[in-house]
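Hi,

Here is the structure I promised to pass on. Please have a look at it first, and then read my notes below.

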Amino acid sequence: MKHAIIAALGAALVSGPAIAQTYSIGTNPQGSSAYPTGAAVARVARDKLDLRARVVPQGGPVVTLPLVSQGKLDSSIAVSVVAAFAYQGRAMFKGRAQKNIRVVAVLRTLRLGVFTQQDSKIKTMADIKGARVSSGFGKQRIQQLFWRAMLAMPGLTYKDVRSVPAPNGVRGVDDFMSGKVDVAMFSITSGKVRQTFSSVKSRYVSLPDDPASVKRMQAVAPGTIVETIDPSPAFAGVTGPTKIMAAPFIVTAGAHVSDDMVYKLTKAIAESKGLMVSVFKGMSGFNPKRMYIDIGVPYHPGALKYYRETGQAK
């Protein structure tokens, strides 16, 4: 029997009842927002489809998407920008097109905020010039891409800052909390950012939203937008209107996954927003009527069947 996709929080399922099938999904490490996103979908699969899941925490989609394409993982949680680059063989996947990945659903919006200490002289993105900024991100290259896109907004590059190597975004935030970097950037719905704002007096640096700045951002990270958000229990540290970067957060599946299983999971996800929010508040923005968005990567036939039935796709 072919494998099927599922996003999972392993520890939550190990103690569950024995189930016939086990499904694997690659996610970012714990502390990122990708991990609880996977947990939310896992709860749907467990409660609605009676499936068991196995989480495979990795360095992020730059690692997991090739494994999905090769059939070594069933699925992955990814940001649309990275999935598009993977399928097209661009940017961090240059010369390594992952043609067997398929989109299942848009789950929510990834919202990335730039933050610094409250007494910092950094008030705008242009003020980051000369500051210490995390770099490299060998195990999570998408983080480097997002930083490049945000630095490009005021016309900066990594040549204009002091680079401090970090393997992934979580380490970059840890370095901010320990004072090794002056500014950090991460998902504002993640547990790591919530931890940061509870332990370090910090504030956000709003992104510019003029057309020229947004154009420079999108030239580096296509599919992203600048979004103004207001205080919400889901947004760690947001105390007033704040401009952040936003991008669709998706669940993918390999072409090897059965159409029937993907159809059933897609339908179950669409009908289970309340259940997912109970697992991860960051899923409060999930819209079952906006699960289908063209990001330049083919949708899985099983998912397309559902979207055609509901009128989201033709």
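Let me start with Thr27, which is buried, at a relative accessible area of 1% (buried is under 20%, with a 1.4 Å probe and protein chains only). This is a predicted model, where local features need pLDDT of at least 70 and side-chain atom pairs count only at pLDDT 80 or more, while totals for chains, interfaces and linings use all residues. Residues are numbered from 1 along each chain as its sequence is written, and side-chain values use heavy atoms, with hydrogens and water left out.

Thr27 belongs to strand β1 (residues 22-27); strands are DSSP runs of E, at least two residues, and helices runs of H or I, at least four, numbered from the N terminus. Beyond its neighbours within four places in sequence, Thr27 has contacts that include Ala34, Tyr35, Val55 and Ile77 (contact means heavy atoms within 4.5 Å).

Now to the helices. The axes of α6 (residues 169-177) and α7 (residues 191-199) come within 10 Å and cross at roughly 0°; axes are lines fitted to C-alpha atoms over the stretch in contact, with angles from 0 to 180 degrees between N-to-C directions. That makes α6 roughly parallel to α7 (angles under 35 degrees). On the α6 side, the contact is made by Val170, Val173, Asp174, Phe176 and Met177. From α7 come Lys192, Gln195, Thr196 and Ser199.

Enjoy exploring!

Terms used:
Buried means under 20% relative accessible area, exposed over 50%, partly exposed in between (1.4 Å probe, protein chains only). Angles under 35 degrees count as roughly parallel, over 145 as roughly antiparallel, 65 to 115 as roughly perpendicular and the rest as oblique.
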